[in-house]
Amino acid sequence: MTKKFTFSDFGYEVELNTFAQQASGSVWIRQGGTIVLATVVSAPAREFPGFLPLTVEYRELFSAAGKIPGGYFKREGRPTDKEILTSRLIDRALRPLFSERFFDSVQIIATVYSVDKEHVPGPLAMIASSLALTISKIPFLGPVGVVELAYLEGSWVINPIYAQSFASNGRLFIAGTDEGVSMVEGSLDELPDNELVNTLFLAHEKIKKLVAWQKEIQQEVGIPKEKVVLSFDFDKWERNADKFLDDNLLSSFFISDKIAFSKNFEVVKEDFINQYAEEFKYNEELKKVVLYIWELVLKRKLREIVLAKNKRLDGRAFNEIRPIWIQVGILPFVHGSALFTRGRTQALVSVTLGGGRDEQKIEGIMGDEISGSFMLHYNFPPFAVGEARPLRGPGRREIGHGHLAAGSFTYILPDKEKFPYTIRVVSDILESNGSSSMATVCGSTMALMDAGVPIKKMVSGIAMGLLCSKDAECKTLSDITGFEDSFGLMDFKVAGTDKGVLAIQLDIKYKGGLTRPIFEKALEQAREGRLYILEKMRSVMSEPRSTLSELVPKLVNFKIGTDKIGTVIGPRGKTIRDIIEKTSTDIDIGPDGQVKVFGAPGANIEMAVNWIKTLVGDIEKGARYHGKIRRFVDFGIFVELVPGQDGLVHISNIPRQLQKTFMKHFKLEDVVLVEVVDYDPVSGKIRLRLLDRE
């Protein structure tokens with residue numbers, strides 16, 4: 001029998017027992033005209049995976065917006081970056097809420113079937129996925145609530161419509177349990193740190209209501225949760241690992257160098273395995289299980305001993321940043337470059353400046369085409385962590401890290417009118433031991449300044465961790481390493497200026513949420529670290545270079561009347577093709593009449609600009625042209641300013657010493673410098689003055 005539920009605060013309508021009934025759990029959720037179906041299915045893993053094999057797929061069908069996909073095949077292909085990023089948000093919100101003893105494969109598929117261009121489908125997909133798990137037999141320890149916030153006209157709007165989100169000066173996605181905040185993602189316009197705390201816990205009040213609503217639905221549906229049944233004695237091996245990892249052995253992990261730490265890790269692990277070699281002799285699967293349990297116990301005990309010793313594994317204080325080393329301009333034939341090194345994490349960042357045609361056009365189902373004039377691409381080659389594996393295209397992690405770093409620059413890039421270049425930043429991680437996305441933020445700031453991009457503020461980023469003991473004593477860690485990330489309880493990345501926060505990403509790795517006191521302490525410690533890193537960056541370079549590199553193609557930006565666009569383009573594009581071909585430039589004209597003329601060294605940008613301005617009648621008195629002599633007459637010279645447009649240099653406007661001999665002094669096709677004396681827009685006649693001979 002169909003069951004329906006509503007959450008009136010947000011206008012959510014949920015329908016159960018109608019759609020996709022062979023799934024372990026399915027939720028049809030609607031807000032206005034936007035509809036998402038979330039399904040969840042689980043199956044026993046064929047072999048021990050060593051982690052929770054959870055996969056999340058979010059898909060936006062073009063048919064949901066009444067569109068047919070572009071391209072040859074006319075069907076949805078590989079997921080877009082937006083779909084991947086939404087899938088990651090769902091995964092990050094839900095993954096911590098499974099038992100560390102649960103290893104079944106779980107697949108969540110959230111599909112957008114209808115969109116009304118007002119209600120954004122992402123938050124609906126996240127809520128529906130949580131609810132689908134909650135009402136299923138799968139031993140999920142949720143639910144979670146999710147809200148979106150948009151900063152509009154000085155205040156935060158909860159659950160905004162799309163137009164509000166698009167026009168906002170800050171956007172946050174926040175997930176949590178009834179205990180606290182567990183996942184945050186967003187970009188902000190230098191929001192002061194203390195205001196960020198208030199904002200998150202304002203959202204948490206709505207999150208608690210969403211969690212309570214899902215629990216009410218769960219009680220009414222009444223599907224009991226399956227118990228986790230294991231084919232091995234988890235408790236036995238947990239005791240064995242606990243006994244093996246005594247304090248003396250744990251003390252051996254206090255090593256500052258990553259490589260030495262990794263070697264010690266492998267030696268200790270091998271010693272443990274060798275103690276039970278007979279039991280693993282004919283059971284390789286059991287060996288995998290035991291290694292998983294051993295690592296769980298190791299991480300748990302390392303948290304305790306680090307807190308007891310009041311010292312991190314690499315010897316640093318809890319708020320101490322690793323050594324920082326920065327170079328700029330190290331790649332001689334790129335437009336801007338920087339190398340940012342922090343400990344054993346190193347990012348090589350390059351900046352390339354291009355024209356309007358280099359912009360990335362992104363078509364979405366919400367009805368508008370988004371122009372990507374700023375791109376940041378993050379690459380993580382295997383050698384960065386000493387591995388040998390095939391190079392593939394960017395994975396979900398690379399796309400996620402690149403998106404986070406790009407969000408750090410949303411509000412500090414120069415205005416397009418003042419700096420009309422398309423900007424592409426590429427960050428290659430050459431070495432990694434944690435916090436490579438924040439190294440990308442710092443390196444990108446330095447590379448942009450090296451390229452002469454007039455960014456409004458310098459940006460730095462830092463990754464924070466959290467350790468808590470059995471007695472609930474908690475310590476926040478600044479600038480976490482890779483292993484601290486794995487055994488800690490939090491991964492909290494903050495990027496910003498000396499004034500406020502620009503981008504944030506928070507993930508909690510335990511079954512709960514971040515309480516306000518812990519979050520306040522972590523954010524303040526992050527602010528202190530951010531400012532320290534900014535000072536290190538300023539000691540190398542404190543402001544953008546005043547001029548662009550000679551390698552940067554020149555770009556001229558101006559505006560024409562929208563009624564003149566057709567004149568410049570010409571019949572079937574003939575006129576603009578002629579301009580591009582004869583001047584070796586690249587020209588982009590926007591629907592608002594904004595013209596960008598882009599040319600590499602050797603291109604005749606001046607001619608292209610003058611040609612366009614002449615075509616639209618934008619000829620100013622005093623403007624100068626390099627024109628070709630086309631015809632001599634008794635009373636002067638006709639000079640071609642641009643193809644198809646001549647002007648007259650009357651004999652009285654030729655230098656006096658040449659007035660009697662100008663026909664002998666010049667010849668046809670000579671290039672001369674002329675200045676506009678007068679222009680009649682009605683007749684189109686142009687009077688010129690001869691200034692010089694080329």
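# Close-up views of aromatic rings and charges

**View 1. One aromatic cluster brings together Trp237, Phe244, Phe253, Phe261, Phe265, Phe272, Tyr276, Phe280, Trp294, Phe483 and Phe487.** Rings of Phe, Tyr and Trp (its six-membered ring) pair if their centres lie within 6.5 Å; planes under 30 degrees apart count as stacked, over 60 as edge-to-face and the rest as tilted. This is a predicted model, in which local features need pLDDT of at least 70, side-chain atom pairs count only at pLDDT 80 or more, and totals for chains, interfaces and linings use all residues. Residues are numbered from 1 along each chain as its sequence is written, and side-chain values use heavy atoms, with hydrogens and water left out.

**View 2. Phe10 and Tyr12 make an edge-to-face pair.** Searching the whole structure turns up 33 aromatic pairs. Here the ring centres of Phe10 and Tyr12 are 5.5 Å apart and the planes meet at 80°, so the pair is edge-to-face. (Buried means under 20% relative accessible area, exposed over 50%, partly exposed in between, with a 1.4 Å probe and protein chains only.)

**View 3. Phe483 and Phe487 form a tilted aromatic pair.** Their rings are 5.3 Å centre to centre, with 50° between the planes. Both residues belong to helix H12 (residues 482-487) and are 4 residues apart, about one turn of the helix. Helices (H or I, at least four residues) and strands (E, at least two) are DSSP runs, numbered from the N terminus. Phe483 is buried, with a relative accessible area of 16%, and Phe487 is buried at 1%. Look for both of them in the cluster of View 1 as well.

**View 4. The charged end of Lys309 sits over the ring of Phe254.** The distance from this charged end to the ring centre of Phe254 is 5.4 Å. A charge sits over a ring if NZ of Lys or CZ of Arg is within 6 Å of the ring centre and within 35 degrees of the ring normal.

**View 5. The charged end of Arg397 sits over the ring of Phe380.** In this view, the charged end of Arg397 is 4.4 Å from the centre of the Phe380 ring. For context, the chain that holds these residues has 17 helices and 29 strands, and 53% of its 694 residues count as buried.
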